[in-house]
Amino acid sequence: MTDATQTYTSAHADLAGLMGLMTGDEKHGPAATSTLDVLWVLYDRVLRVSPEGGDDPGRDRFLLSKGHGPMAYYAVLAAKGFLPVEWLAGFGSYDSPLGHHPDRTLVPGAEIGSGSLGHGLPIAVGTALGLRAQGLDEPRVWTLVGDAELDEGSNHEAIAFAGPAGLDRLHTVVVDNSSATYARPGGIAARFEAAGWSTLTVDGRDHEALYAAFTAPHPGRPHVVVARVEPKSA
Amino acid sequence: MDTMRDRFAPVVSRLLDEDPRVAVVLAAIGTDGFAAAARRHPGRVVDVGIREQLLIGAAAGLALTGLRPVVHTFASFLVERPFEQVKLDLGHQEAGAVLVSAAASFDWPAGGYTHMAPGDVALLDTLDGWTVHVPGHPDEAETLLRHAVAAGDDKVYVRLSVQANGQALPVDGERFCTVREGRSGVVVAVGPMLDAVLAATEGLDVTVLYATTVRPFDGAALRRATETAGTDVVLVEPYLAGTSTAAANDGLADVPHRVLGLGVGRRELRRYGRLEEHVAAHGLDARSLRERISGFLGATVRV
């Protein structure tokens, strides 16, 4: 074993410190932490991805659709060795690869660039179709959206298509911090369910509950996990 | 004569057979032509229904897994409606695709303005890195479709139209070709405008260039043509008038020159009717073109 092949990885407890290295604008602050536990559980226990496997066709794909407040994302990527911890301090500066919305061509491990809402889920549908068409049956596709992001109509084109298309490798996690406009109780899961998705709603801060929901079987159907966290306005 | 669109499904179906990277993404339009190919390649022919944001988003996802998506619907719903997806899902993500449109500026005049897209090429001009093919004949469409699909992971737009010229010319997916040579002006005819331009310039002392690949714009060919024909240039385009004026100016930046951009007007006609009637209403029939071209070039143009 040589040092060169070692990857430094951190624990969940280190994430707060890593996020502290970045200073985002106020607007993105609260949104950033809502995704933290979801991202950690995905990267720590669910996704089959690694810093070395960037181009491996067999890797899982994680598409961060909700690009707002990406500090948690960058912190997790740094903790898992995808990007150097030293990059975090430059967050948002001209020479930094880490912007207030991520750019896939600049951030190692980022499958898509995002920021404009409602793009990740449709791209995830195409990614799932592309893997299926090539007989790559192993890789799973994940996308993270916000509850308010689902106000964008493009998501509903993707949701309505993916269920009947039986895209069972497609997974969506909705981080629900009650920030949608004109939301109705239970409305998020109901819409996915109506389109034929498998749905689970869990506490978005409970790692065991998240893990169980993320790994629940859902044969023949795409799967959505609604991860509820404290309201943005609280 | 068959139309460019009649060639589309057969050509791309053959490409699906030949190249395992090729995938077709449709949005409820043009699906019949791919029924047989879809049976042979069920995973690589996808109809997302009437969902054009998903049409482009899904194509981007396919491209990110290494496939070469060919995406088709009417120009209005391919470029204009999901324009942000074209900008971000393809451009910003660096995902390549071949967008193939039908209906052009006014192929279906009875369908009205909702199905007209004279601004498609101008819109794509706000983005970086697009190749734009505007074939003028079904044979050229076939060649340019093959060229587009074979262009690695490039972003390529192929604009198919009912409007067409009587005869095909050899096209290479890159350069303009010289159809006629003169000394008193250069007329650039884009795609299906060639027949009308040749009729309009009959007996005039002008050089006629034929352009089927308009982006990148072959400024070098235009520059060369002006060396013998002078630097008065008329562009005749089947989409929004003036779309390529800036590109022509760039090609002639080192010489004093004049450019007249002819094409489809911005004003909504609010008329139905036939294709020929819309061609004439926009001043793109041979007689109107002759008047406008000779008016711009002045007395020296008549031989």
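The questions and answers below go through the two chains and the contact between them.

Modeller: A word on conventions: this is a predicted model, in which local features need pLDDT of at least 70, side-chain atom pairs count only at pLDDT 80 or more, and totals for chains, interfaces and linings use all residues. Residues are numbered from 1 along each chain as its sequence is written, and chains are lettered from A and ligands numbered from 1 in the order in which they are written.

Colleague: In what order do the five strands of the open sheet in chain A stand?
Modeller: Helices (H or I, at least four residues) and strands (E, at least two) are DSSP runs numbered from the N terminus, and two strands pair if DSSP finds at least two bridges between them. Strand 1 (61-64) and strand 4 (198-203) of chain A each have a single partner strand, so they stand at the edges. The pairing in this open sheet is parallel, and the order is 1-2-3-5-4.

Colleague: Which residue is the bridge partner of L144(A) in strand 3 of chain A?
Modeller: Strand 2 (residues 141-146) and strand 3 (residues 170-176) of chain A run parallel and are joined by six bridges. In strand 3 of chain A, L144(A) has as its bridge partner V173(A).

Colleague: At what angle does helix 8 of chain A run to strand 4 of chain A?
Modeller: Axes are lines fitted to C-alpha atoms, for helices over the stretch in contact, and angles run from 0 to 180 degrees between N-to-C directions. Helix 8 (residues 207-214) of chain A lies across strand 4 and strand 5 (223-228) of chain A. Its angle to strand 4 of chain A is about 175°.

Colleague: Are helix 5 and helix 6 of chain A roughly parallel or roughly antiparallel to each other?
Modeller: Helix 5 (residues 120-133) and helix 6 (residues 153-162) of chain A pack with their axes 8 Å apart, at an angle of about 30°. Angles under 35 degrees count as roughly parallel, over 145 as roughly antiparallel, 65 to 115 as roughly perpendicular and the rest as oblique. Helix 5 and helix 6 of chain A are therefore roughly parallel.

Colleague: How does helix 5 of chain A lie against helix 3 of chain B, roughly parallel or oblique?
Modeller: The axes of helix 5 of chain A and helix 3 (residues 52-64) of chain B come within 6 Å and cross at roughly 50°. These two helices are therefore oblique.

Colleague: How many nonpolar residues does the contact of helix 5 of chain A with helix 3 of chain B have?
Modeller: Residues are in contact if their C-beta atoms, placed from the backbone, lie within 7 Å. Among those making this contact are I123(A) and L129(A) of helix 5 of chain A, with L54(B) and L62(B) of helix 3 of chain B. Ala, Val, Leu, Ile, Met, Phe, Trp, Tyr, Cys and Pro count as nonpolar, Asp, Glu, Lys and Arg as charged, and the others, Gly among them, as polar. The contact has six polar and no charged residues, and the nonpolar ones number eleven.

Colleague: Which helix of chain B supplies the largest share of the side that touches chain A?
Modeller: The contact takes 22 residues from chain A and 24 residues from chain B. Helix 3 and helix 5 (83-92) of chain B each supply at least two residues of the side of chain B that touches chain A. The largest share, nine residues, comes from helix 3 of chain B.

Colleague: Which strands stand at the edges of the open sheet in chain B?
Modeller: Five strands form this open sheet in the order 7-9-8-11-12, with mixed pairing. Within the sheet, four bridges join strand 8 (residues 186-190) to strand 11 (residues 232-240) of chain B, which run parallel. The edge strands each have a single partner strand, so one side of each is left without a neighbour in the sheet: they are strand 7 (177-180) and strand 12 (258-264) of chain B.

Colleague: What is the omega of the cis peptide bond that joins R215(B) and P216(B)?
Modeller: Most residues other than glycine have a negative phi, and most peptide bonds are trans. P216(B) is found in the loop between strand 10 (213-215) and helix 9 (219-229) of chain B. The bond joining R215(B) and P216(B) is cis, with an omega of about -5°.

Colleague: And where is S178(A)?
Modeller: The phi of S178(A) is near 55°, a positive value in a residue other than glycine. S178(A) has its place in the loop between strand 3 and helix 7 (187-194) of chain A.

Conventions. Contact = placed C-beta atoms within 7 Å.
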